[in-house]
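Try each one yourself before reading its solution.

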Amino acid sequence: MNILYISNVMEFGGVEKCIIQLSNGFKKDNKVIVCTAGGPLTKELAEINIPHYTILNTDSKGPRTIIKNLNIIYKIIKDENIDIVHSHHRMTTLYCKFLSRFMKFKLIHTQHLCIEDKVKFTKFALGNIPIITVSDGAKKNLITKYGLDGKNITTIYNTVETKNSNYTIDDKLIELKNNGNFIVSQISRLVDYKGVLDFVEIANKVCKIEKNIKFVLIGSGPERDNIIKLIRKYNLDDNVFLLGNKDNIINQLKYIDLVLLCSYIEGLPLVPLEAFSQGIPVIGTNIGGTNEEIIDNVNGFLVEKRDVDTFAKKIIELYRNKEVYIKQKENSIAIFNSKFNKKMYIDNHKKYYNNIQNYEV
């Protein structure tokens, strides 16, 4: 098969990591091409010898951008003789859906988030095409909120890469660990819906009780300045640290004891899977997708959105109760290996691609 993976950008996000996983998993026996507006993770595609074509950022809806992108994508599909276009962004799916009227290829869309916006656009872009959702929560969301046909939607759980050749660890993490601290981290874009300000509120409550628990945020985004203001408001400069983006999360996790995910909306977040693969429990919000990864009181805890008091309570509980903490670490690895491993992820996509050759709607 000749496969084109297409999305908006190649930034430090879960969607982009999935594209890299799929590209790496299928490149041996297939021709794989990736097309996005670019970003730092294009270097990882180059490292695994995956060709990357560049389009304009699809956030721009101007007619010139649309026409130029359609021309670029048309040429890629034609010149590379693409059999399957697997899109990971609603706008790129719409581009390809239009082109599929004039070209012979199969189009698949993967929905990575439990979305809430653009109802009419989503129905138009995703209607009557095969869809993969990364969680049953995301599937239910498309059916109930957008009225899409559940017969066209299949859930395939994500996976993560468990090895990285970059062993450079942030100096602050090393310092905190060498000083005997229990390190709690959230790894995400610094955007509102990830609950990053809640993370600081939680740290403020915990640090009043336990002095040896430190908090680190890994990631970047528009909420960074607001986070810094909140850290200063609570005098948490010696307790909460912003480490910026990292391209080797797996190796950074070896210095982290507990992961939080304070998000208000997700699909199937990758950070818990990365944490579980390294034997690290996760305390996350009880929302669609996340609650398919975390089994409450087994490999972490589920907490309601914005409930900073319960987050703080559960952190302290795990810190003080070593027996429970060790058991959750063991469960984390076992659940990752049985439910979210790479072989299952690639095998499920292989079956899906083979079936899609005969897909009709």
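Buried means under 20% relative accessible area, exposed over 50%, and partly exposed in between (1.4 Å probe, protein chains only). This is a predicted model, where local features need pLDDT of at least 70, side-chain atom pairs count only at pLDDT 80 or more, and totals for chains, interfaces and linings use all residues. Residues are numbered from 1 along each chain as its sequence is written, and side-chain values use heavy atoms, with hydrogens and water left out.

**Exercise 1.** Classify the exposure of Phe98 and Phe102, then describe their ring pair.

*Solution.* Start with Phe98: its relative accessibility is 39%, so it's partly exposed. Next, Phe102 comes in at 60%, so that one is exposed. Now the geometry: rings of Phe, Tyr and Trp (its six-membered ring) pair if their centres lie within 6.5 Å, and planes under 30 degrees apart count as stacked, over 60 as edge-to-face and the rest as tilted. With centres 5.3 Å apart and 70° between the planes, Phe98 and Phe102 are edge-to-face.

**Exercise 2.** Work out which kind of pair Phe26 and Tyr353 make.

*Solution.* First, the centres are 4.9 Å apart; then, the planes meet at 40°, so the pair is tilted.

**Exercise 3.** Find the rings that the charged ends of Lys97 and Lys314 sit over.

*Solution.* The test is NZ of Lys or CZ of Arg within 6 Å of the ring centre and within 35 degrees of the ring normal. For Lys97, the ring is that of Phe124, 5.7 Å to the centre. For Lys314, it's Phe301, at 4.5 Å.
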